[in-house]
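Subject: Structure for your review

Dear colleague,

Please find below the structure that I was asked to pass on to you. My notes on what was found follow directly after it.

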Amino acid sequence: MNQQADVSATTMLAEAMVSGPLFQFAEMAQVATDMDAVDKELTGILTSFGIDHFVLYQATDKGGKPTGARLCGKRHDDWRKHYVDSDMAPRDDLMKSGRHMPVPTTWSRFKAETKVRKGQKRIFDEASEFGLKDGIYIPLPQTDGSMYGVSMMLPHKLDNEPRMLSALHLLAIYYSVAANKLGRSPPEPPPAPELPVLTRRQCECLMWIREGLPPAAVGDKLGIAENTVNEHLEQARRRLGVVTTSQAVIEAIHRGLIKLG
Amino acid sequence: MHVHVVNASNRRQYLDEIEQMHRHRHRVFVGQMGWKALDSPDGLDIDEFDTPNATYLICIDADSIVRGSCRMIPSWRPHMLRNLFADYVEGDAPSGPSVWEWTRHAPGDRAFEKEINHQVRFLLNIAAHEFAASRGIETFIGIADCQIVPRMIDLGWKVEPIGMPVNYGEGVGYAFKMNVDTANNDKLRARLGRTGTALMEMPRGLVAEEGAMARRTIELAMSLPPASLNKAEEALRGLVKAA
């Protein structure tokens, strides 16, 4: 009964909501110099919708890989900690939605319209245990191909009133604009380990050495002089940062540059 | 590369480029953005607002290839926001002699090189400021897809919503207005590293062939450093005298 009352209240609020405060927020977010002021303004508006928690995060990176890196917002600390500790981002299908049509989705609509997988169901169930009964996910495609998302969570079921979803969408767009402008960007991913690039010939020489052939025989196999083989091996040792040819073979296998056998 | 003002008075000088523009728009909106409603068997994007009331800003390179365009319509003439999407606006949309609608913004093409697209994106926005100055435009209005808004803001526009986001069938967008700020044009020029004007407007009355030659001559003159202009004028006067 209480839940029904909450839903009606939200709907009534959405219907009564004039666009003025939303448009003012859009204006303010574009000229803001302080993210705390933007957070405060948004908190004030969302509270009138009964929404206590909102987070802007990077849902997926440029390559479409889920990251869930939080950028800013007024988070539910306990739930956030649990979400991160349980490494939920890779299982969070909601975050991957919206790539084709980036429109706001409520958790209840997602459950009703999507075949919810086990991992996602667990996220919803556990969120509920933290008092978060419903939420909205608003996907925000970025110019670099990554996807940001704004998650808003609340302690009761939410109505799918279109005007309210539109209002929240608008707020999310400008909140993200302010965050981008004020430098709330995701952390740079750690640089990929540099693979020493061996030439095809260097790899071939190491493969024949691995087979137990001496350099002269390797030269015969490859149709090159023994000295040239030794030069390739010397280069391979240098590039792999090792001293002996045996070490070079082991290192090349270890790094996946040549096969074990 | 310049952005040419093409309208009813000089369109005869740009017949080939106008067709290229409609073809380019179809390629971008239908082929790349997937807007099925604009699909046309002739491969041209032309709608009911492509009338003599429209002024096009067309980015044309040195080989006369269209690299991008946008459409400007004065708010006192029929335009999309008033005639098709009036219900996208809360209250009344801004209108009047200083308000123009900006639509069909098609900067670049996925088939072009990145550097060209980068230039076109900036040039069209610089040209919009210059066009605004030439016509006394203070406010642009239009409908922007939600995905595009952050790009517009990144280009220095203050994009103010005048309606709520609406699913328009091909995406989600909303009605907006944005005021012209000449200071932003300086920033855009600095970001692109462009000193000269981007906009070029040919006078009416030239027939197609004369127009094409005049365009080339003017573009050449525009590319000259100011110190060489006297010399160029002297040479030109010599030619006129000889003719």
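B:Trp35 counts as buried because its relative accessibility is 17%, where buried means under 20% relative accessible area, exposed means over 50%, and partly exposed lies in between (1.4 Å probe, protein chains only). B:Tyr168 has a relative accessible area of 22% and is therefore partly exposed. Please note that this is a predicted model, in which local features need pLDDT of at least 70 and side-chain atom pairs count only at pLDDT 80 or more, while totals for chains, interfaces and linings use all residues. Residues are numbered from 1 along each chain as its sequence is written, chains are lettered from A and ligands numbered from 1 in the order in which they are written, and side-chain values use heavy atoms, with hydrogens and water left out.

**Aromatic pairs**

A search of the whole structure gives 15 aromatic pairs over all chains. Rings of Phe, Tyr and Trp (its six-membered ring) pair if their centres lie within 6.5 Å; planes under 30 degrees apart count as stacked, over 60 as edge-to-face and the rest as tilted. The rings of A:Tyr174 and B:Tyr174 form a tilted pair, because their planes stand at 55° with the centres 6.4 Å apart. This pair crosses between chains, from helix α8 of chain A to strand β8 (residues 172-179) of chain B; helices (H or I, at least four residues) and strands (E, at least two) are DSSP runs, numbered from the N terminus. A:Tyr174 and B:Tyr174 are both buried.

B:Trp35 and B:Tyr168 make an edge-to-face pair, with 5.8 Å from centre to centre and 75° between the planes. The two residues are 133 residues apart: B:Trp35 is in the loop between α1 (15-32) and β2 (55-60) of chain B, and B:Tyr168 is in the loop between β7 (166-167) and β8 of chain B. In chain A, ring pairs join A:Trp79, A:Tyr83 and A:Phe130 into a cluster.

**Salt bridges**

Over all chains, the search finds 27 salt bridges, a salt bridge being a side-chain nitrogen of Lys or Arg within 4 Å of a carboxyl oxygen of Asp or Glu. One of them joins A:Arg117 to A:Asp93, with the closest N and O atoms 2.9 Å apart. A:Arg117 lies in the loop between α6 (107-113) and α7 (118-129) of chain A and A:Asp93 in helix α5 (residues 93-96) of chain A, so this bridge ties together parts that are 24 residues apart in sequence. A:Arg117 is exposed, at 52% relative accessible area, whereas A:Asp93 is buried, at 15%.

A:Glu204 and A:Arg201 also form a salt bridge, at 2.7 Å between the closest N and O atoms. Both lie in helix α9 (residues 200-210) of chain A, 3 residues apart, or about one turn of the helix. In chain B, a network of salt bridges links B:Arg25, B:Asp45, B:Asp47, B:Asp50, B:Arg71 and B:Arg104.

**The interface of chain A and chain B**

Chain A gives 20 residues to the contact and chain B gives 22 residues, contact meaning heavy atoms within 4.5 Å. The area buried between the two chains is about 1700 Å², with 68% from carbon and sulfur atoms; buried area is the accessible area (1.4 Å probe) that two parts lose on being put together, summed over both. The rule finds 2 salt bridges across this interface. B:Lys158 and A:Glu27 meet in a salt bridge at 3.4 Å, N to O.

Yours sincerely
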